[in-house]
Amino acid sequence: MNQPQKKEYRQCIRCQQMNEQTDQFCIRCGSPLINRCSDEKGLLSKGCFKENPPEAAFCRFCGQPTIFNQAGLTKPFTDS
Ligand SMILES: [Zn+2]
Ligand SMILES: [Zn+2]
């Protein structure tokens, strides 16, 4: 069996640049490409740092803001 290699890309949420699947940041504008939890490993915290869907403003696992939210790429819900 000779299956054709399907190349996967990660599209930048800000500038729509197609980046390599393994890229962590956009090569064109520097935006993060993976919407991770902002809760990194620290002295007191084990850290969550899980992957969330691109539209998530808050981590679905622990409720901390996502890095897309912190970078202003995803707007959190405001009851104004
Ligand atoms: Zn970009
Ligand atoms: Zn989290």
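Here is a short chat about the predicted model above.

Q: Before we start, what kind of model is this, and how are residues numbered?
A: It is a predicted model: local features need pLDDT of at least 70, side-chain atom pairs count only at pLDDT 80 or more, and totals for chains, interfaces and linings use all residues. Residues are numbered from 1 along each chain as its sequence is written, while chains are lettered from A and ligands numbered from 1 in the order in which they are written.

Q: Thanks! Which pattern does the protein chain follow along the sequence?
A: The pattern is β-β-β-β-α, where helices (H or I, at least four residues) and strands (E, at least two) are DSSP runs, numbered from the N terminus.

Q: And is the chain spread out or compact?
A: The protein chain is more spread out than a compact globule, because its radius of gyration is 15 Å, well over the 12 Å that the globule rule gives for 80 residues. That radius is taken over C-alpha atoms, and the rule is 2.2 Å times the number of residues to the power 0.38.

Q: How much of it is buried?
A: Of the 80 residues, 15% count as buried. Buried means 20 or more other C-beta atoms within 10 Å of the residue's own, exposed means 12 or fewer, and partly exposed is in between, with C-beta atoms placed from the backbone.

Q: New topic: where does F49 sit?
A: F49 is in the loop between strand 3 (35-36) and strand 4 (51-52). F49 has a positive phi of about 55 degrees, though it is not a glycine.
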